[in-house]
Amino acid sequence: MVVTLGELAARLGLALLGDPAVGVEGVSTLAESRPGTVTFLAESRHRRLLAETRAAVVVLQERFAAECPVAALISPNPRAAYARIAALLYPQHQPAPGTHPSAVVEPGARIDPAAHVGALSVIGAGSSIAAGAVIGPHCVVGEGVSVGAGTRLVARVTLGSGVQVGARCIVHPGAVVGADGFGFAPQAGGGWLKVPQVGGVRIGDDVEIGANTTVDRGAIGDTVIEDGVKLDNQIQVGHNVRIGSNTAVAGCTGISGSTVIGERCQIGGACAIGGHLDICSDTIITGFSMISHSITRPGVYSSGIPFEDARTWRRLVARFKRSAKAADAPGGPEESGPDEPGPDNQAP
Amino acid sequence: MVVTLGELAARLGLALLGDPAVGVEGVSTLAESRPGTVTFLAESRHRRLLAETRAAVVVLQERFAAECPVAALISPNPRAAYARIAALLYPQHQPAPGTHPSAVVEPGARIDPAAHVGALSVIGAGSSIAAGAVIGPHCVVGEGVSVGAGTRLVARVTLGSGVQVGARCIVHPGAVVGADGFGFAPQAGGGWLKVPQVGGVRIGDDVEIGANTTVDRGAIGDTVIEDGVKLDNQIQVGHNVRIGSNTAVAGCTGISGSTVIGERCQIGGACAIGGHLDICSDTIITGFSMISHSITRPGVYSSGIPFEDARTWRRLVARFKRSAKAADAPGGPEESGPDEPGPDNQAP
Amino acid sequence: MVVTLGELAARLGLALLGDPAVGVEGVSTLAESRPGTVTFLAESRHRRLLAETRAAVVVLQERFAAECPVAALISPNPRAAYARIAALLYPQHQPAPGTHPSAVVEPGARIDPAAHVGALSVIGAGSSIAAGAVIGPHCVVGEGVSVGAGTRLVARVTLGSGVQVGARCIVHPGAVVGADGFGFAPQAGGGWLKVPQVGGVRIGDDVEIGANTTVDRGAIGDTVIEDGVKLDNQIQVGHNVRIGSNTAVAGCTGISGSTVIGERCQIGGACAIGGHLDICSDTIITGFSMISHSITRPGVYSSGIPFEDARTWRRLVARFKRSAKAADAPGGPEESGPDEPGPDNQAP
């Protein structure tokens with residue numbers, strides 16, 4: 001799709017410095033910008049790349065406009081403006097309403113005439129699929145599920161019975177919402193007795209759930225993902241967790257059961273968050289952290305330590321290392337090397 | 001389903017303090033108990049919630065009965081008694097026997113007349129599905145697989161060729177049992193040569209496998225999951241691992257190839273367990289631990305350190321931090337901050 | 001399949017010490033060797049097992065031949081020779097060309113007559129499946145995808161629109177290639193605005209991708225996996241990552257967006273690798289490492305520290321622990337125990 005700079009400026013309400021008749025038909029990165037494309041400058045450390053840009057137009061803040069050798073679209077938030085432009089240039093393909101003949105729709109399911117159900121999907125009894133929703137191919141929608149207007153299950157998504165998903169959500173392939181939580185009682189004679197997981201899952205509006213992420217149903221009561229939450233790939237959300245609105249969680253993080261996370265938090269990738277904790281709103285947790293205590297004050301945390309403390313701690317460790325290295329003599333005792341790479345625990 | 005307290009007491013063999021004619025029709029948590037429900041007190045630290053309970057009955061130990069303002073069912077193991085009551089109140093839906101017309105059953109597969117095969121599942125040649133087994137929708141059962149009596153593949157489960165699953169197991173959506181292990185030989189001219197993975201997977205009885213968990217087939221010989229093992233979501237079990245009976249593993253833990261884990265172990269979430277190790281029976285490993293050595297004595301371990309040592313270690317670290325902080329002056333050398341949150345490694 | 005030792009020696013070009021007429025029909029491990037099988041000795045520490053072997057023949061290096069009580073096949077690289085023998089004895093089942101009647105092939109898809117498309121798979125419009133490719137059951141191949149000659153999607157693989165996969169690749173069940181990367185811009189009024197992910201994924205030749213591994217499409221430009229890369233299970237590869245040829249990554253590792261990894265690297269399991277990093281060729285990273293800085297010199301690294309430094313560090317910690325333990329008196333201050341095992345964060 002070709003759009004002129006003038007049209008972009010008008011539709012996004014941005015000031016344009018340059019020829020409004022120039023057309024663009026794609027996007028590129030600032031580092032590898034290409035003619036005929038839109039790019040953007042979001043971080044001042046990339047400013048040096050501006051001079052060599054070959055893009056037709058750069059979206060940037062006003063303070064950098066003078067340095068821009070090509071046309072400029074002025075925005076206080078270039079990344080967001082870029083996102084809107086990219087959405088214009090690459091419109092999401094919306095499949096035609098209707099149900100693919102290979103899909104299996106069980107009795108009592110209500111599919112809005114303006115919804116799409118893709119090839120080989122299964123829609124369980126008593127489920128409802130709202131207008132504009134897109135159920136991609138190979139999805140399994142359990143019994144009594146509700147999928148809101150405009151929500152898209154990309155492909156091969158599983159929603160367990162009774163799961164409620166709001167409007168305008170996106171769920172990526174392999175995600176499983178509503179599997180049983182991990183609940184067992186030790187038995188007198190040995191072994192584990194399954195604790196029935198009778199709660200549900202409620203997903204708000206505008207939520208995105210990444211590929212192969214899992215969100216368990218509640219043991220008693222529901223697991224809740226509030227409006228605007230963004231979950232990356234391969235995240236595990238335990239039973240009865242609640243994640244507050246607009247919180248974002250990066251990939252591979254696990255959140256244990258019954259933990260409550262506030263609003264607007266940013267949680268890094270590969271974190272392990274314990275169970276029955278309270279993480280207050282506006283908390284930022286850096287990647288690969290283990291969180292085993294509740295957090296009651298907004299801030300930036302690494303492994304549960306406030307970030308300033310973490311910096312201090314690293315400084316101290318560095319000092320200790322230096323002094324100890326000086327004192328170190330060969331032949332001292334040594335823990336055997338736990339992390340020598342080997343064929344099985346590290347690489348094939 | 002409504003059940004009277006008298007009926008519950010009789011069916012579970014518990015003493016009832018209260019009116020046997022009162023009916024209940026659901027469960028609730030002690031913290032948010034609701035009229036007409038059963039709740040339970042499993043940990044004495046929640047005892048203070050008893051006074052305000054609105055539930056119809058609380059399952060608890062005899063020592064707390066005097067504090068209970070409503071009816072009480074007395075059990076030495078309230079969590080297990082609660083699990084049995086919840087199973088009564090929320091009976092598992094058992095789909096009717098038979099094979100859905102959309103399923104693909106390959107020649108030579110033997111499906112017991114009392115088994116259920118759901119929509120769009122594929123049953124490979126020479127496989128056998130025993131009585132009472134439920135193969136949910138969208139499962140792929142490879143060639144020569146055997147699924148035991150009463151086992152339930154919830155939906156979208158993949159069992160590779162030759163995999164054997166015992167009786168009364170539950171396998172959740174997205175689980176993959178019997179993919180190739182990760183085995184490659186370096187080649188003289190560079191690159192990796194695939195080592196054929198010719199072993200199988202044997203799963204015992206009463207095993208539960210969580211959503212998106214993967215259990216690889218053996219390289220030579222089988223990967224073995226013994227009776228009563230419980231695996232949470234997103235666990236990775238490498239080739240030729242053996243997990244002893246009634247061991248439970250929490251979510252996101254990875255177990256590298258050829259490691260042998262004993263019976264009745266409890267392994268926390270997000271652990272990384274090296275390959276070719278022996279973890280003895282009755283070992284408890286806390287979450288987010290890296291285990292790189294074998295464990296030969298039952299106990300509680302954090303990152304392979306016995307728990308008492310770990311407590312000592314933390315105490316020492318706290319002391320070191322305090323003394324070092326006192327000695328610290330501004331402007332000292334500092335390792336650059338590896339974990340400053342950023343848009344890509346931490347949150348969007 | 002029974003093969004004689006003489007035939008094996010001839011086909012692999014190996015010297016045989018022993019009776020060429022002896023037949024073998026399987027493989028076994030050195031530790032549990034069985035009559036009529038081939039086994040191999042790849043590491044000298046297992047040499048003591050040679051004396052008791054019951055196998056028909058052992059593949060080993062010449063220097064161990066004198067200790068071998070049975071026939072020997074001599075190879076400088078016994079593991080690779082074993083891999084070739086196992087491939088002979090256990091030939092991969094190649095399904096017959098053709099498309100299963102239950103598959104859904106959308107208009108404009110080009111399926112080579114010598115390719116196989118399995119039960120209930122979906123092949124998107126405009127996709128091309130080359131000769132000898134095997135699309136197993138329950139795969140979802142998006143629009144405009146290309147799958148190279150001889151590539152095998154084992155079962156239940158998802159390839160998003162436009163994904164390109166080279167020749168002779170193997171992709172295991174549950175893998176998702178080409179889901180959206182995790183890209184959002186903070187909005188002025190609060191909440192996140194989705195940044196369209198308009199790039200693709202290019203997978204080279206001879207790549208293997210493990211079960212439930214996810215490879216995201218690029219935000220702008222492509223995510224690239226070069227020839228010969230081997231990815232284990234449950235790995236997360238972020239948008240615009242590039243992984244160089246013949247690099248191998250063990251299970252459960254996450255690689256954040258825009259990171260570039262060189263050739264011939266070996267990356268351990270359960271690592272967390274930050275975004276926008278450069279990891280040079282021939283880098284080895286031990287398991288459970290957090291990598292938050294670029295690596296510019298080939299070597300062995302633990303959590304980003306060169307391996308020799310890591311050993312020094314552990315030695316110092318051990319010394320510190322010993323001295324501190326001596327000085328420790330009971331009743332000192334103590335951080336509360338973050339990792340006491342409990343029912344929810346650790347095991348059921």
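The legends below describe several close-up views of a predicted model.

Local features are given only where pLDDT is at least 70 and side-chain atom pairs only at pLDDT 80 or more, whereas totals for chains, interfaces and linings use all residues. Residues are numbered from 1 along each chain as its sequence is written, and chains are lettered from A in the order in which they are written.

**View 1. Chain A and its two assigned domains.** The domain assignment of chain A gives domain 1 (3–89) and domain 2 (98–306), with bounds that come from an automatic or database domain assignment. The centres of these two domains, taken over C-alpha atoms, are separated by 36 Å. Chain A has three helices and 40 strands, where helices (H or I, at least four residues) and strands (E, at least two) are DSSP runs numbered from the N terminus. Of the 348 residues in chain A, 57% are buried, a residue being buried if 20 or more other C-beta atoms lie within 10 Å of its own, exposed if 12 or fewer, and partly exposed in between, with C-beta atoms placed from the backbone. Among the contacts in chain A with a separation of 6 or more, 19% join residues 24 or more positions apart; two residues are in contact if their C-beta atoms, placed from the backbone, lie within 7 Å.

**View 2. Packing of helices H1 and H2 in chain A.** Helix H1 (residues 5–12) and helix H2 (residues 78–89) of chain A pack at an angle of about 120°, with their axes 11 Å apart. That angle makes H1(A) oblique to H2(A), because angles under 35 degrees count as roughly parallel, over 145 as roughly antiparallel, 65 to 115 as roughly perpendicular and the rest as oblique. The axes are lines fitted to C-alpha atoms, for helices over the stretch in contact, and angles run from 0 to 180 degrees between N-to-C directions. The crossing of H1(A) and H2(A) is right-handed, that is, the near helix is turned clockwise from the far one by less than a right angle. A:Leu8, A:Arg11 and A:Leu12 of H1(A) make the contact with A:Ala81, A:Arg84, A:Ile85 and A:Leu88 of H2(A).

**View 3. Packing of helices H1 and H2 in chain B.** In chain B, the axes of helix H1 (residues 5–12) and helix H2 (residues 78–89) come within 11 Å and cross at roughly 120°. H1(B) passes H2(B) in a right-handed crossing, and B:Leu8, B:Arg11 and B:Leu12 in H1(B) meet B:Ala81, B:Arg84, B:Ile85 and B:Leu88 in H2(B).

**View 4. The loop position of C:Gly228.** C:Gly228 lies in the loop between strand E27 (223–225) and strand E28 (230–231) of chain C, and is buried, with 24 other C-beta atoms within 10 Å. Leaving aside residues up to four places away in sequence, C:Gly228 touches B:Gly191, B:Trp192, C:Asp206, C:Val207, C:Ser245 and C:Asn246. C:Gly228 and C:Asp205, 23 residues apart in sequence, are 6.3 Å apart in space, C-alpha to C-alpha.

View 5. A:Leu120, a residue other than glycine, has a positive phi near 60° and sits in the loop between strand E11 (116–117) and strand E12 (122–123) of chain A. A:Leu120 counts as buried, with 27 C-beta neighbours inside 10 Å. C:Asp282, although not a glycine, has a positive phi of about 65° and is placed in the loop between strand E36 (278–279) and strand E37 (283–285) of chain C. With 15 C-beta neighbours inside 10 Å, C:Asp282 counts as partly exposed.
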